[in-house]
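Have a look at the model first, then read on.

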Amino acid sequence: MDARAHIDDLAAFVVASPSSYHAAAEVARRLDAAGFTAQAEEDAFTDEPRGGYVVRDGAIVAWHVPSGVDAARAGVRIVGAHTDSPALKLKPAPTSFGLGWQQAAVEVYGGPLPNQWLDRELGVAGRLITTTGEQRLVATPAWLRVPQVAPHLDRSVHEKLSLDRQAHLRPVFSVGRPDLDLLELIDAEAGLEADDVAGHDLICHPTEAPAVFGPTEEFFASARLDNLSSVHAGLTALLAADEGDDITVLACFDHEEVGSSSRSGAAGPLLEQVLRRLAGALGLDDDGWFRLLARSSCISADAGHAVHPNYPHLHDPDHRPLLNAGPLLKHNANLRYTSDAASSALWRRACDAAGVPTQDFVSNNAVPCGSTIGPMTAERLGVLMCDVGIPLLSMHSTRELAGVRDPGWLAAALTAYYAGA
(Lines give C-alpha, C1' and ligand atoms only; values in the text may rest on other atoms or scores of the structure.)
Protein backbone atom coordinates (compact mmCIF):
# COMPACT_ATOMS: atom_id res chain seq x y z
CA MET A 1 0.00 0.00 0.00
CA ASP A 2 1.54 3.34 -1.03
CA ALA A 3 1.65 6.33 1.32
CA ARG A 4 -1.44 8.08 -0.03
CA ALA A 5 -3.53 4.90 -0.11
CA HIS A 6 -2.51 4.21 3.49
CA ILE A 7 -3.46 7.76 4.53
CA ASP A 8 -6.84 7.50 2.81
CA ASP A 9 -7.51 4.22 4.61
CA LEU A 10 -6.34 5.74 7.92
CA ALA A 11 -8.74 8.65 7.36
CA ALA A 12 -11.62 6.21 6.82
CA PHE A 13 -10.58 4.32 9.96
CA VAL A 14 -10.60 7.53 12.04
CA VAL A 15 -14.03 8.53 10.76
CA ALA A 16 -15.35 5.07 11.67
CA SER A 17 -13.80 5.32 15.16
CA PRO A 18 -15.09 8.42 17.01
CA SER A 19 -14.81 6.60 20.37
CA SER A 20 -12.71 3.77 21.76
CA TYR A 21 -15.74 1.46 21.49
CA HIS A 22 -16.13 2.30 17.83
CA ALA A 23 -12.40 1.77 17.25
CA ALA A 24 -12.55 -1.72 18.75
CA ALA A 25 -15.64 -2.47 16.67
CA GLU A 26 -13.98 -1.23 13.47
CA VAL A 27 -10.89 -3.36 14.12
CA ALA A 28 -13.20 -6.34 14.69
CA ARG A 29 -15.12 -5.58 11.49
CA ARG A 30 -11.92 -5.58 9.45
CA LEU A 31 -10.71 -8.75 11.15
CA ASP A 32 -14.01 -10.46 10.33
CA ALA A 33 -13.59 -9.49 6.69
CA ALA A 34 -10.12 -11.06 6.74
CA GLY A 35 -11.42 -14.36 8.12
CA PHE A 36 -10.65 -13.93 11.82
CA THR A 37 -13.14 -15.31 14.34
CA ALA A 38 -14.49 -13.61 17.47
CA GLN A 39 -13.66 -15.45 20.70
CA ALA A 40 -16.11 -15.02 23.58
CA GLU A 41 -14.22 -14.76 26.86
CA GLU A 42 -16.75 -16.97 28.64
CA ASP A 43 -16.10 -19.79 26.14
CA ALA A 44 -13.14 -22.14 26.15
CA PHE A 45 -10.17 -21.21 23.97
CA THR A 46 -9.14 -23.80 21.40
CA ASP A 47 -6.20 -24.06 18.99
CA GLU A 48 -8.71 -23.30 16.22
CA PRO A 49 -9.31 -20.83 14.70
CA ARG A 50 -5.78 -19.80 13.80
CA GLY A 51 -6.91 -16.18 13.61
CA GLY A 52 -9.09 -14.87 16.43
CA TYR A 53 -9.81 -11.89 18.62
CA VAL A 54 -11.36 -10.84 21.93
CA VAL A 55 -13.20 -7.55 22.42
CA ARG A 56 -13.50 -6.19 25.95
CA ASP A 57 -15.32 -2.85 26.12
CA GLY A 58 -13.17 -0.38 24.14
CA ALA A 59 -10.20 -2.75 23.81
CA ILE A 60 -9.42 -5.58 21.41
CA VAL A 61 -6.72 -8.26 21.30
CA ALA A 62 -6.27 -10.17 18.05
CA TRP A 63 -3.92 -13.03 17.19
CA HIS A 64 -2.74 -15.18 14.31
CA VAL A 65 -1.23 -18.62 14.91
CA PRO A 66 0.85 -19.87 11.96
CA SER A 67 -0.13 -23.18 10.43
CA GLY A 68 2.01 -26.00 11.76
CA VAL A 69 3.29 -23.86 14.62
CA ASP A 70 5.73 -25.50 17.00
CA ALA A 71 4.41 -24.08 20.28
CA ALA A 72 7.44 -25.41 22.15
CA ARG A 73 9.76 -23.27 20.02
CA ALA A 74 7.67 -20.31 18.86
CA GLY A 75 7.49 -16.92 20.50
CA VAL A 76 4.85 -14.20 20.41
CA ARG A 77 5.37 -10.97 18.48
CA ILE A 78 3.10 -8.30 19.96
CA VAL A 79 2.21 -4.80 18.80
CA GLY A 80 0.50 -2.70 21.46
CA ALA A 81 -1.48 0.52 20.98
CA HIS A 82 -4.43 2.34 22.53
CA THR A 83 -7.89 3.25 21.26
CA ASP A 84 -8.75 6.27 23.43
CA SER A 85 -7.93 9.97 23.08
CA PRO A 86 -8.47 13.02 25.32
CA ALA A 87 -12.07 14.20 25.17
CA LEU A 88 -15.05 15.76 26.91
CA LYS A 89 -17.08 12.96 28.52
CA LEU A 90 -20.78 13.30 29.25
CA LYS A 91 -21.72 13.23 32.92
CA PRO A 92 -24.37 10.72 34.14
CA ALA A 93 -27.16 13.32 33.83
CA PRO A 94 -25.82 15.28 30.84
CA THR A 95 -28.59 17.81 30.21
CA SER A 96 -28.05 21.22 31.79
CA PHE A 97 -30.25 24.33 31.57
CA GLY A 98 -29.35 27.97 32.09
CA LEU A 99 -30.31 31.41 30.77
CA GLY A 100 -32.53 29.85 28.13
CA TRP A 101 -29.78 27.60 26.76
CA GLN A 102 -29.65 23.82 26.72
CA GLN A 103 -26.14 22.57 27.43
CA ALA A 104 -24.25 19.32 27.94
CA ALA A 105 -22.70 18.63 31.33
CA VAL A 106 -19.24 17.15 30.72
CA GLU A 107 -16.11 15.99 32.49
CA VAL A 108 -12.60 16.36 31.07
CA TYR A 109 -11.18 12.97 30.06
CA GLY A 110 -7.39 12.79 29.95
CA GLY A 111 -5.26 15.79 29.06
CA PRO A 112 -6.80 17.61 26.11
CA LEU A 113 -5.87 21.11 24.99
CA PRO A 114 -9.02 22.85 26.30
CA ASN A 115 -8.87 25.74 23.82
CA GLN A 116 -9.05 23.26 20.94
CA TRP A 117 -12.59 22.28 21.95
CA LEU A 118 -13.84 25.83 21.39
CA ASP A 119 -15.85 26.73 18.29
CA ARG A 120 -15.82 23.26 16.76
CA GLU A 121 -18.89 21.31 15.78
CA LEU A 122 -19.05 18.23 17.98
CA GLY A 123 -20.93 14.97 17.86
CA VAL A 124 -21.54 12.49 20.66
CA ALA A 125 -20.19 8.95 20.40
CA GLY A 126 -19.77 5.90 22.59
CA ARG A 127 -21.94 3.15 23.96
CA LEU A 128 -25.32 2.76 25.59
CA ILE A 129 -26.07 -0.22 27.83
CA THR A 130 -29.70 -1.35 27.87
CA THR A 131 -31.63 -2.68 30.84
CA THR A 132 -31.07 -6.20 29.42
CA GLY A 133 -27.29 -5.70 29.25
CA GLU A 134 -27.03 -5.17 25.48
CA GLN A 135 -24.35 -2.78 24.24
CA ARG A 136 -25.47 -0.38 21.52
CA LEU A 137 -22.93 1.90 19.82
CA VAL A 138 -24.05 5.38 18.83
CA ALA A 139 -22.48 8.32 16.99
CA THR A 140 -24.51 11.47 16.40
CA PRO A 141 -23.98 14.16 13.76
CA ALA A 142 -22.69 17.58 14.79
CA TRP A 143 -25.03 18.54 17.62
CA LEU A 144 -22.87 20.51 20.06
CA ARG A 145 -20.45 23.43 20.22
CA VAL A 146 -18.44 25.11 22.99
CA PRO A 147 -18.68 28.83 22.10
CA GLN A 148 -15.72 31.11 22.72
CA VAL A 149 -16.29 34.43 24.50
CA ALA A 150 -16.02 37.47 22.20
CA PRO A 151 -13.02 39.78 22.78
CA HIS A 152 -15.45 42.73 23.04
CA LEU A 153 -16.66 41.17 26.31
CA ASP A 154 -13.30 40.04 27.64
CA ARG A 155 -10.28 41.95 26.31
CA SER A 156 -7.90 39.66 28.22
CA VAL A 157 -8.38 36.89 25.65
CA HIS A 158 -6.04 38.84 23.35
CA GLU A 159 -3.22 38.20 25.81
CA LYS A 160 -4.15 34.99 27.64
CA LEU A 161 -7.02 32.55 27.39
CA SER A 162 -7.91 31.07 30.77
CA LEU A 163 -10.61 28.38 30.73
CA ASP A 164 -12.38 27.12 33.84
CA ARG A 165 -13.06 23.45 33.11
CA GLN A 166 -16.36 23.49 34.97
CA ALA A 167 -17.76 26.79 33.70
CA HIS A 168 -16.26 27.33 30.25
CA LEU A 169 -16.26 23.89 28.57
CA ARG A 170 -20.00 23.23 28.59
CA PRO A 171 -21.24 22.71 25.02
CA VAL A 172 -24.56 24.12 23.88
CA PHE A 173 -26.94 21.89 21.95
CA SER A 174 -30.10 23.99 21.78
CA VAL A 175 -31.65 27.29 22.82
CA GLY A 176 -35.16 28.04 24.00
CA ARG A 177 -36.09 24.36 24.02
CA PRO A 178 -36.42 23.29 27.69
CA ASP A 179 -38.38 20.26 26.46
CA LEU A 180 -35.25 18.71 24.94
CA ASP A 181 -33.23 16.17 26.89
CA LEU A 182 -29.82 15.35 25.42
CA LEU A 183 -29.74 11.76 26.59
CA GLU A 184 -33.20 11.09 25.16
CA LEU A 185 -32.03 12.49 21.82
CA ILE A 186 -28.98 10.22 21.89
CA ASP A 187 -31.10 7.21 22.84
CA ALA A 188 -33.41 7.91 19.91
CA GLU A 189 -30.43 8.24 17.56
CA ALA A 190 -29.46 4.71 18.64
CA GLY A 191 -33.00 3.44 18.06
CA LEU A 192 -33.77 3.07 21.74
CA GLU A 193 -36.37 4.44 24.14
CA ALA A 194 -35.08 6.28 27.19
CA ASP A 195 -36.58 3.65 29.49
CA ASP A 196 -34.51 0.99 27.69
CA VAL A 197 -31.17 2.55 28.66
CA ALA A 198 -29.51 1.77 31.98
CA GLY A 199 -26.12 3.42 31.49
CA HIS A 200 -23.82 5.18 29.05
CA ASP A 201 -20.18 5.90 28.25
CA LEU A 202 -20.32 8.85 25.84
CA ILE A 203 -17.80 11.43 24.69
CA CYS A 204 -17.90 14.52 22.52
CA HIS A 205 -15.93 14.16 19.30
CA PRO A 206 -14.97 16.63 16.56
CA THR A 207 -16.89 16.00 13.34
CA GLU A 208 -14.55 17.75 10.90
CA ALA A 209 -13.23 15.20 8.38
CA PRO A 210 -9.51 14.33 8.15
CA ALA A 211 -7.65 16.09 5.34
CA VAL A 212 -4.45 15.94 3.33
CA PHE A 213 -3.16 19.44 2.61
CA GLY A 214 -0.17 21.59 1.73
CA PRO A 215 1.25 22.75 -1.63
CA THR A 216 2.80 19.31 -2.14
CA GLU A 217 0.12 17.45 -0.12
CA GLU A 218 2.65 16.40 2.52
CA PHE A 219 0.56 17.02 5.65
CA PHE A 220 -2.30 15.05 7.20
CA ALA A 221 -4.61 16.66 9.78
CA SER A 222 -7.09 14.65 11.83
CA ALA A 223 -8.55 14.05 15.24
CA ARG A 224 -7.37 11.07 17.30
CA LEU A 225 -4.08 10.39 15.51
CA ASP A 226 -2.86 9.82 19.06
CA ASN A 227 -3.32 6.91 18.91
CA LEU A 228 -5.50 5.62 16.08
CA SER A 229 -2.48 6.03 13.80
CA SER A 230 -0.84 3.15 15.68
CA VAL A 231 -4.01 1.03 15.98
CA HIS A 232 -4.49 1.28 12.22
CA ALA A 233 -0.81 0.60 11.46
CA GLY A 234 -0.80 -2.45 13.74
CA LEU A 235 -3.97 -3.83 12.19
CA THR A 236 -2.66 -3.21 8.67
CA ALA A 237 0.55 -5.03 9.57
CA LEU A 238 -1.21 -7.98 11.21
CA LEU A 239 -3.30 -8.55 8.08
CA ALA A 240 -0.44 -7.98 5.61
CA ALA A 241 2.47 -9.86 7.24
CA ASP A 242 3.76 -13.05 5.68
CA GLU A 243 3.37 -15.99 8.05
CA GLY A 244 6.48 -16.65 10.10
CA ASP A 245 7.35 -19.06 12.90
CA ASP A 246 5.93 -16.93 15.72
CA ILE A 247 2.41 -16.12 16.90
CA THR A 248 1.47 -12.54 16.03
CA VAL A 249 -0.70 -10.43 18.35
CA LEU A 250 -2.24 -6.97 18.16
CA ALA A 251 -3.29 -5.52 21.54
CA CYS A 252 -5.31 -2.28 21.42
CA PHE A 253 -6.06 -1.07 24.95
CA ASP A 254 -8.46 1.56 26.27
CA HIS A 255 -7.90 4.21 28.97
CA GLU A 256 -4.22 4.98 28.25
CA GLU A 257 -4.97 8.69 28.50
CA VAL A 258 -6.10 8.30 32.12
CA GLY A 259 -3.47 5.86 33.37
CA SER A 260 -4.57 2.48 31.93
CA SER A 261 -5.79 1.16 35.29
CA SER A 262 -8.94 -0.59 34.15
CA ARG A 263 -10.07 -4.02 33.04
CA SER A 264 -9.53 -2.95 29.42
CA GLY A 265 -6.36 -0.91 30.02
CA ALA A 266 -2.74 -1.93 29.64
CA ALA A 267 -2.25 -2.01 33.42
CA GLY A 268 -5.09 -4.55 33.64
CA PRO A 269 -5.00 -8.29 32.93
CA LEU A 270 -6.49 -8.42 29.43
CA LEU A 271 -3.43 -9.17 27.30
CA GLU A 272 -1.90 -11.55 29.85
CA GLN A 273 -5.20 -13.45 30.16
CA VAL A 274 -5.60 -13.81 26.40
CA LEU A 275 -2.00 -14.97 25.92
CA ARG A 276 -2.19 -17.38 28.85
CA ARG A 277 -5.39 -18.95 27.55
CA LEU A 278 -4.00 -19.14 24.02
CA ALA A 279 -0.89 -20.87 25.35
CA GLY A 280 -3.09 -23.38 27.16
CA ALA A 281 -5.06 -24.05 23.98
CA LEU A 282 -1.75 -24.78 22.24
CA GLY A 283 -0.89 -27.36 24.89
CA LEU A 284 1.67 -25.44 26.94
CA ASP A 285 1.93 -26.07 30.67
CA ASP A 286 3.06 -23.49 33.25
CA ASP A 287 6.74 -23.91 32.42
CA GLY A 288 5.92 -23.81 28.71
CA TRP A 289 4.10 -20.50 29.30
CA PHE A 290 7.17 -18.88 30.83
CA ARG A 291 9.41 -20.29 28.10
CA LEU A 292 7.01 -18.80 25.53
CA LEU A 293 7.35 -15.38 27.14
CA ALA A 294 11.14 -15.67 27.15
CA ARG A 295 11.02 -16.06 23.35
CA SER A 296 8.59 -13.15 22.90
CA SER A 297 8.77 -9.41 22.30
CA CYS A 298 6.48 -6.39 22.07
CA ILE A 299 6.55 -3.09 20.19
CA SER A 300 4.54 -0.41 21.98
CA ALA A 301 3.32 1.92 19.23
CA ASP A 302 2.13 5.37 20.33
CA ALA A 303 2.43 8.72 18.62
CA GLY A 304 5.34 10.98 19.61
CA HIS A 305 6.55 14.53 19.12
CA ALA A 306 8.14 16.13 16.08
CA VAL A 307 10.30 19.19 16.68
CA HIS A 308 8.07 22.27 16.83
CA PRO A 309 9.51 25.09 14.70
CA ASN A 310 8.00 27.76 16.95
CA TYR A 311 9.13 26.14 20.23
CA PRO A 312 12.56 24.59 19.52
CA HIS A 313 13.70 25.25 23.10
CA LEU A 314 11.28 22.56 24.34
CA HIS A 315 13.11 19.84 22.41
CA ASP A 316 16.44 18.14 22.90
CA PRO A 317 18.96 20.06 20.78
CA ASP A 318 20.54 16.87 19.43
CA HIS A 319 17.31 14.98 18.66
CA ARG A 320 14.88 16.97 16.54
CA PRO A 321 12.68 14.58 14.55
CA LEU A 322 10.66 15.85 11.60
CA LEU A 323 7.43 14.87 9.88
CA ASN A 324 7.92 12.60 6.86
CA ALA A 325 11.35 11.44 8.03
CA GLY A 326 10.23 8.12 9.53
CA PRO A 327 8.63 6.77 12.71
CA LEU A 328 10.25 7.46 16.06
CA LEU A 329 12.18 5.15 18.34
CA LYS A 330 11.53 6.66 21.76
CA HIS A 331 14.09 6.64 24.59
CA ASN A 332 14.00 7.73 28.23
CA ALA A 333 16.62 7.07 30.90
CA ASN A 334 13.94 6.89 33.60
CA LEU A 335 12.04 4.19 31.68
CA ARG A 336 9.01 6.24 30.77
CA TYR A 337 9.66 4.46 27.48
CA THR A 338 10.88 0.86 27.37
CA SER A 339 13.44 1.04 24.55
CA ASP A 340 16.88 -0.28 25.47
CA ALA A 341 19.84 -1.43 23.39
CA ALA A 342 18.44 -4.93 22.74
CA SER A 343 14.91 -3.81 21.84
CA SER A 344 16.23 -0.89 19.79
CA ALA A 345 18.17 -3.40 17.71
CA LEU A 346 14.93 -5.35 17.20
CA TRP A 347 13.20 -2.23 15.88
CA ARG A 348 16.09 -1.25 13.63
CA ARG A 349 16.15 -4.73 12.10
CA ALA A 350 12.45 -4.40 11.26
CA CYS A 351 12.99 -0.97 9.72
CA ASP A 352 15.96 -2.21 7.68
CA ALA A 353 13.98 -5.20 6.43
CA ALA A 354 11.11 -2.91 5.38
CA GLY A 355 13.34 -0.19 3.90
CA VAL A 356 11.89 2.32 6.35
CA PRO A 357 13.79 5.28 7.87
CA THR A 358 13.57 5.79 11.62
CA GLN A 359 14.36 8.67 13.97
CA ASP A 360 15.40 8.77 17.62
CA PHE A 361 13.32 10.76 20.10
CA VAL A 362 14.46 11.77 23.57
CA SER A 363 13.01 14.58 25.69
CA ASN A 364 14.75 17.76 26.68
CA ASN A 365 16.03 17.13 30.22
CA ALA A 366 14.16 20.21 31.48
CA VAL A 367 10.80 19.08 30.01
CA PRO A 368 8.71 16.33 31.63
CA CYS A 369 8.45 13.16 29.58
CA GLY A 370 5.16 11.41 28.86
CA SER A 371 4.74 7.65 28.88
CA THR A 372 2.91 4.87 27.05
CA ILE A 373 1.48 1.40 27.52
CA GLY A 374 5.03 0.08 27.18
CA PRO A 375 6.24 0.15 30.80
CA MET A 376 3.00 -1.42 32.09
CA THR A 377 3.12 -4.21 29.50
CA ALA A 378 6.77 -4.89 30.27
CA GLU A 379 5.96 -5.07 33.98
CA ARG A 380 3.12 -7.55 33.43
CA LEU A 381 4.78 -9.82 30.85
CA GLY A 382 8.54 -9.36 31.22
CA VAL A 383 9.12 -9.51 27.46
CA LEU A 384 11.62 -7.55 25.39
CA MET A 385 10.00 -4.20 24.56
CA CYS A 386 10.58 -0.93 22.75
CA ASP A 387 8.48 2.20 22.22
CA VAL A 388 7.88 3.67 18.77
CA GLY A 389 5.33 5.88 16.99
CA ILE A 390 4.82 8.44 14.25
CA PRO A 391 5.89 12.04 14.92
CA LEU A 392 3.10 14.61 15.39
CA LEU A 393 2.63 18.29 15.97
CA SER A 394 -0.33 19.54 18.05
CA MET A 395 -0.63 16.32 20.07
CA HIS A 396 -3.85 16.25 22.15
CA SER A 397 -5.43 18.84 19.89
CA THR A 398 -8.74 18.06 18.24
CA ARG A 399 -6.79 18.47 14.98
CA GLU A 400 -3.40 16.77 15.21
CA LEU A 401 -0.82 17.09 12.43
CA ALA A 402 1.15 14.22 10.84
CA GLY A 403 3.19 13.72 7.70
CA VAL A 404 1.58 11.67 4.95
CA ARG A 405 4.50 9.22 4.72
CA ASP A 406 5.11 8.28 8.36
CA PRO A 407 1.92 6.24 9.05
CA GLY A 408 2.58 3.96 6.08
CA TRP A 409 6.19 3.57 7.08
CA LEU A 410 5.13 2.58 10.60
CA ALA A 411 2.82 -0.08 9.17
CA ALA A 412 5.59 -1.38 6.89
CA ALA A 413 8.06 -1.70 9.78
CA LEU A 414 5.49 -3.47 11.94
CA THR A 415 4.71 -5.83 9.04
CA ALA A 416 8.39 -6.77 8.81
CA TYR A 417 8.52 -7.29 12.60
CA TYR A 418 5.49 -9.58 12.51
CA ALA A 419 7.04 -11.57 9.63
CA GLY A 420 10.13 -12.33 11.70
CA ALA A 421 12.66 -9.58 10.94
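How many of the 14 residues of α9 are buried? The answer is 12, so α9 is mostly covered, where buried means under 20% relative accessible area, exposed over 50% and partly exposed in between, with a 1.4 Å probe and protein chains only. Keep in mind that this is a predicted model, where local features need pLDDT of at least 70, side-chain atom pairs count only at pLDDT 80 or more, and totals for chains, interfaces and linings use all residues. Residues are numbered from 1 along each chain as its sequence is written, and side-chain values use heavy atoms, leaving out hydrogens and water.

**Helix α9 itself**

- Helices (H or I, at least four residues) and strands (E, at least two) are DSSP runs, numbered from the N terminus.
- The buried set in α9 includes D406, W409, L414 and Y418.

**α9 meets α1**

- The axes of α1 (residues 3-15) and α9 (residues 406-419) come within 8 Å and cross at roughly 95°; axes are lines fitted to C-alpha atoms, for helices over the stretch in contact, and angles run from 0 to 180 degrees between N-to-C directions.
- That makes α1 and α9 roughly perpendicular to each other, a label for angles of 65 to 115 degrees (under 35 is roughly parallel, over 145 roughly antiparallel, the rest oblique).
- From α1, H6, I7 and L10 meet P407, G408 and A411 of α9, with contact meaning heavy atoms within 4.5 Å.
- The residues of this contact come out as four nonpolar, two polar and no charged; Ala, Val, Leu, Ile, Met, Phe, Trp, Tyr, Cys and Pro count as nonpolar, Asp, Glu, Lys and Arg as charged, and the others, Gly among them, as polar.

**The nine-stranded sheet**

- The strands of this open sheet run in the order β1-β2-β3-β13-β4-β14-β18-β16-β17, with mixed pairing; two strands pair if DSSP finds at least two bridges between them.
- At the edges stand β1 (37-38) and β17 (359-362), each with a single partner strand, so one side of each has no neighbour in the sheet.
- Helix α8 (residues 374-381) packs on the sheet, touching β4 (76-82), β13, β14 (297-301) and β18 (384-389), and its direction makes about 165° with that of β18.
- β3 (residues 59-64) and β13 (residues 247-253) pair in the antiparallel sense over five bridges, with W63 opposite V249.
- α9 lies across β4, β13, β14 and β18, at about 150° to β4.

- Antiparallel β12 (residues 219-222) and β20 (residues 400-403) are joined by four bridges, and A221 has L401 as its bridge partner.
- In β20, E400 and A402 point one way and L401 and G403 the other, and all are buried.
- β11 (residues 211-213) runs antiparallel to β12 with three bridges, V212 being partnered with F220.
- Five residues sit between the strands of the β11 and β12 hairpin, where G214 takes a positive phi near 110°.

**S344**

- S344 sits in α7 (residues 341-354) and is buried, at 7% relative accessible area.
- Leaving aside residues up to four places away in sequence, S344 touches L329, H331 and S339.
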